[in-house]
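Welcome, and please open the model in your viewer. We will go from stop to stop, selecting a few residues at a time.

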Amino acid sequence: MTRHMAMAATVAMLWALALPAFAQATKGAQPKAAPAAASSAKVYAERYAALCAACHGADGRSEMQGVPSLAGQHSFYAITQLFLFREGRRANEAMTAVARTMKDEDLRGFSDFIATLPALAPAAAAAPPDAARMARGQALAQENRCVICHGADLSGGQQVPRIAHQREEYLALTLQEFRTGKRPGYTQAMGEAVGRMAPEDLDTLAYYVARLPTAPPRPGGK
Amino acid sequence: MARLRPHSMSAVLATLATSLLLAAGAAWAQQPPTEEPGWAKGRPKNDAATRLAPVPSFPIPTAADQLPTARFKLPPGFKVETWASGVLDARSLRQGAKGTVFVSTLFVGNKVYAIAEKGDRKPKTIVDKTEFATGIEFHKGALYLATHKQIQRYDGIEDKLDNPGQPAVIYDKLPGGQDHSWRYLRIRDEKLYYAVGAPCNLCEPDDAHARIFRMNLDGSGIETIARGVRNTVGFDFDPKTGNLWFTDNGRDWLSEDLPNDELNVVTKADQHFGYPYCHQGNILDSEFGWGKSCADYAEPAALLGPHAAALGMTFYQGKMFPAKYRGAMFIARHGPWNRTTRYADIAVAWPDGKGGAKVEPFMTGFVDNNTYLGRPVDFLVLKDGSMLVSDDHAGAIYRISYGGK
């Protein structure tokens, strides 16, 4: 897969560039948490900028197809996905290559940093959303109980991801892969939730969730 | 669902509401959960707490000095200590003849561990990269492992912990799937007992689902032991009667407070325990219950609380605990995910000799500020009569003892 190989190569290069910076940073960061929490946060901010930002965006807004935005994501959710990548259970060469180098404290450190990236308003759209499609999407989200886990504003919380205003193509791909079982969840919940839904309905949901009308965004949660 | 005309619809609804209220009253009078239940308090103000999703084990076990062990509460004379920590996703517990403690996992670990009783108790991974490696049993030198698809046997396991090799496959036609597809095993009188849960929250199961089965140890001679069992992840034999007692997890999305999880006992062949038609012995299902009667199904021996996620259970046959606990069952209430107010504890239950049981809380302290500090899963009584308890949420195993031992 050319795109994945290109991404893997980019990530590998970034990782190599980041290593010297990381080596310097860890001299200051002690393993025991509390008094070093501030310096630990700074370390992971720097590591994110060096390692993750090129694909996921410096502010967590991804402009890259196939790469999710991370802004406003919750640390418990983020750590479950980094865990799945590290274990090789979630199939993505670039991310597994990154996560394999992470120790447990790195999983925590990156996830906690991601949770500090404030949720962003959706990018301004070229045209107003199709009202009928939005109404259908809203109905689907209610009928299929999306809001029960993700909340009425689809911002999630704890181990449930924020999905509101995620990239539409990433949402669509994710939903289809949960439906077919290609994408493993950290729990059974998504396979159960969408396993029996029609593919076209999942595309409508992706359209709706990406354009969800909301009040001003809340900051990223715990 | 058939459409009813307005006046008969309201009559039906009135009857349904009344029967639900009566059922709720009876259920609560019988078995309130240990932690303050949701109906007694208002909802939490934080709306994130109302976002109900399955609560998975955290991918990193709780550090030993952060475990909730010191906060657990037990009856007088009992104490609890951390027996092993760093056991990611610790689920079922069994012990080998040479003392090795085996620990299975479920969604997060994909492993089976072996922990030596003496020493630093660091878990050693003996089976890896195996999904749903959850049902385990030890018998005549062999470790039995049931995933959602297969039942396997590792012979002479305690002498081969560094290299268990490939297991013999006893049976490879378990239906697999995701929902309620994780196993629990017991061997008795050379028969292997296992269950296959319903492949859904609520649906009409086929003959391969929603049942407890047993088979010969070579995988032949499969028999149905009980039907209408939505999802059991804990069962054991009453030493007095030989009857099989089991916990059963009730359906979701009816309400926060109904139905209760059940404690059931198999007393004869061919019993049906109600699912999906009748819940907790007295609630006809709003979709599948039409034309049915709860009187046609085996009643629970006791109710265990709504969405309690009652899991592992064991009859206590040790000599350390006071006499009143011999012949009692310990039951792990793992705690709800689809309920606004969480609760979790270890309960103790006594058969009343009349097909029922009396249930009481035994060890509490797993929930603080509506957050799980830990969630109990299964038990293992050691030779000295103390009892191990696994906790998949914190990734730890605790040891409960009595009398300063």
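Begin in chain B and select B:Pro259, which sits in the loop between strand E15 (244–248) and E16. Strands (E, at least two residues) and helices (H or I, at least four) are DSSP runs, numbered from the N terminus. The bond to look at joins B:Leu258 and B:Pro259: this peptide bond is cis, with omega about -5°.

Before moving on, a word on the model: it is predicted, so local features need pLDDT of at least 70 and side-chain atom pairs count only at pLDDT 80 or more, while totals for chains, interfaces and linings use all residues. Residues are numbered from 1 along each chain as its sequence is written, chains are lettered from A and ligands numbered from 1 in the order in which they are written, and side-chain values use heavy atoms, with hydrogens and water left out.

Now select B:Pro276, in the loop between strand E17 (271–272) and E18 of chain B. The peptide bond from B:Tyr275 to B:Pro276 is also cis, with omega near 5°.

Next, go to B:His180, in the loop between strand E9 (168–171) and strand E10 (186–188) of chain B. B:His180 is not a glycine, yet its phi is positive, about 55°. Most residues other than glycine have a negative phi, and most peptide bonds are trans.

A cavity is a set of points on a 1 Å grid over the protein atoms alone where a 1.4 Å probe fits but cannot get out, and its lining residues have an atom within 4 Å of a point. Points are joined across faces, edges and corners, and the volume is the space filled by probe spheres set on them.

The largest cavity holds about 90 Å³. Select B:Asp248, B:Gly250, B:Glu262, B:Tyr275 and B:His279, the closest to its centre of the 15 lining residues. Strands E16 (260–266) and E18 (278–279) of chain B each supply at least two residues of this lining.

For the second largest cavity, about 40 Å³, select its lining residues, among them B:Glu262, B:Phe273, B:Cys278 and B:Tyr297.

Now show both chains together. Here 27 residues of chain A are in contact (heavy atoms within 4.5 Å) with 25 residues of chain B. The buried area is about 2,100 Å², with 57% from carbon and sulfur atoms; this is the accessible area (1.4 Å probe) that the two parts lose on being put together, summed over both. In chain A, select A:Arg89, A:Tyr186 and A:Gln188, which lose the most area to chain B, together 27% of what that side buries.

Finish with helices H9 (residues 168–180) and H11 (residues 199–210) of chain A, whose axes come within 8 Å and cross at roughly 145°. Axes are lines fitted to C-alpha atoms, for helices over the stretch in contact, and angles run from 0 to 180 degrees between N-to-C directions. Among the residues that meet here are A:Leu171 and A:Leu175 in H9(A), and A:Leu202 and A:Tyr207 in H11(A).

Definitions and conventions
1 Å grid on protein atoms, 1.4 Å probe; cavity = no way out; pocket = protein on both sides within 12 Å on 5 of 7 lines; lining within 4 Å.
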